[in-house]
Amino acid sequence: MPHSVETHPLPSERIGTSRSLTVHRFGTPGTRPKVYIQAGLHADETPGFLTAHHLIRRLASARVLGEVVVVPVANPVGLSQVVKGTHVGRYALNDGGNFNRGFADLAEAAQARVQGRLGPDAAANVALIRGALRDAHAEVRPGDEIAAMKHALLGLALDADLVLDLHCDMEAVVHLYTGDALWPELADLAADLGAEAVLLASDSGGPPFDEACSATWWRLSERLGAEGPVPPACAAVTVELRGKADVDDARATADAEAILRTLVRRGVVEGDPVPLPDPACEATPLAGLARVIAPASGVIAFRRSVGDRVEAGETVAEIVDPTAKDPDAARIALTAPVAGLVMARSNVRFAGRGDLIASIAGAAALPASGRGLLFD
């Protein structure tokens, strides 16, 4: 089947330097369903790179009935940020911004183009809105290299039926972030990947890449639904492939095969769908994700591992101050704010005051914290 590789140059910030995005395309452009997959938007999150490598190999020998676009390295800017041997891939060194925040919200511009033109045919409405999104995106003029990179990535994905943004946490089980309107549609992907947590929100703040692709649809449905149906036509999900050190061919192959099974099941790739495994979890609200924060600096001595279930008040870790005059008073217990799954924890063992130590997926929304639902 057709497989092409494109190079998308990014504008250079300095003379004598250049970066580009490598884009793999499978199938016939414009054929539905369209799937977009990228890895490494947080450029120091390596598992997705290897998973994309294995997925590209499989797609190259598969019969793609729809269209699949894979960007195996989504952030060449962040990939180059190495400071004295330390890779800084989550935040931009020029301004400290998170690479997975600040994507363009095209809902208002698309609304202006389609308002008064929708009708009773959902498919026709989807086609009209996709055209409006492409037009709105084409009018955006990014101001620098990072903005141009984000603009290019969004342009490749904004008209897709399914978007997978491959990430990882520090130490973690496989987990997903997606929109309320997209569940349980994405339950098959969660089951295939063996996700142990699925976190739902309609507006997590930022916005991150997945919401820049998908949230437009439920926002337009809220604003224009009286004119005609506006289904959630882009199912976008952030896929967290365990922790930063969980990089090997066995796991990457298994993850690529799980994604491929999802594409077969959705009619994107030819094949016989296999029975779904039993789901490993129920979806819970992102607003129910409790963070365990260090109240003081010291050595982190964990008491519970990722994948463990804890009760509220149970000790997850202790902060140890080795300089304490009284060794018996050197430890501060960090307890679980809620009952739930220890979804992720820090991959370092020394904390500063205010550092994130662990994240626990609880079943019920917590009181609003006054900040976005995502930990920056």
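I take a salt bridge to be a side-chain nitrogen of Lys or Arg within 4 Å of a carboxyl oxygen of Asp or Glu.

**Entry 1: basis**

I worked on a predicted model, in which local features need pLDDT of at least 70, side-chain atom pairs count only at pLDDT 80 or more, and totals for chains, interfaces and linings use all residues. I numbered residues from 1 along each chain as its sequence is written, and I used heavy atoms for side-chain values, with hydrogens and water left out.

**Entry 2: salt bridges**

I searched the whole structure and found 27 salt bridges. I then looked up E67 and R25, whose side chains meet in a salt bridge at 3.3 Å, N to O. E67 belongs to strand β4 (residues 67–71) and R25 to strand β2 (residues 19–27), so this pair ties together parts that are 42 residues apart in sequence.

I classed accessibility by relative accessible area: buried under 20%, exposed over 50%, partly exposed in between (1.4 Å probe, protein chains only). E67 counts as buried at 5% relative accessibility, and R25 is buried at 18%.

I next recorded R266 and D188, whose side chains form a salt bridge at 2.9 Å, N to O. This pair links distant parts of the chain, with R266 in the loop between α8 and β12 (283–285) and D188 in helix α6 (residues 187–193), 78 residues apart. R266 counts as partly exposed at 24% relative accessibility, whereas D188 counts as buried at 9%.

I also noted R304 and E314, with side chains that meet in a salt bridge at 2.0 Å, N to O. R304 lies in the loop between β14 (298–302) and β15 (309–310), and E314 in the loop between β15 and β16 (315–320), 10 residues apart. E314 counts as partly exposed, at 25% relative accessibility.

**Entry 3: cavities**

I searched for cavities on a 1 Å grid over the protein atoms alone, a cavity being a set of points where a 1.4 Å probe fits but cannot get out; lining residues have an atom within 4 Å of a point. Grid points were joined across faces, edges and corners, and a volume is the space filled by probe spheres set on the points. I found 2 cavities of 30 Å³ or more.

The largest cavity has a volume of about 40 Å³. The elements that give two or more residues to its lining are α1 (47–60) and α8 (249–265). I listed P47, L50, T51, R242, D246, V247, D248, R251, A252 and D255 as the lining. I sorted residues into nonpolar (Ala, Val, Leu, Ile, Met, Phe, Trp, Tyr, Cys and Pro), charged (Asp, Glu, Lys and Arg) and polar (the others, Gly among them). The lining of the largest cavity divides into 4 nonpolar, 1 polar and 5 charged.

The second largest cavity has a volume of about 30 Å³. L106, L133, L158, A212, C213 and T216 line the second largest cavity, and helix α7 (residues 209–224) gives the largest share of that lining, 3 residues.

**Entry 4: A112**

I looked up A112 in helix α3 (residues 107–114). Is A112 buried or exposed? A112 counts as exposed, at 63% relative accessibility. I recorded 8.8 Å in space, C-alpha to C-alpha, between A112 and A132, which are 20 residues apart in sequence.

Notes: 1 Å grid on protein atoms, 1.4 Å probe; cavity = no way out; pocket = protein on both sides within 12 Å on 5 of 7 lines; lining within 4 Å. Helix = DSSP H or I, 4+ residues; strand = E, 2+ residues; numbered from the N terminus.
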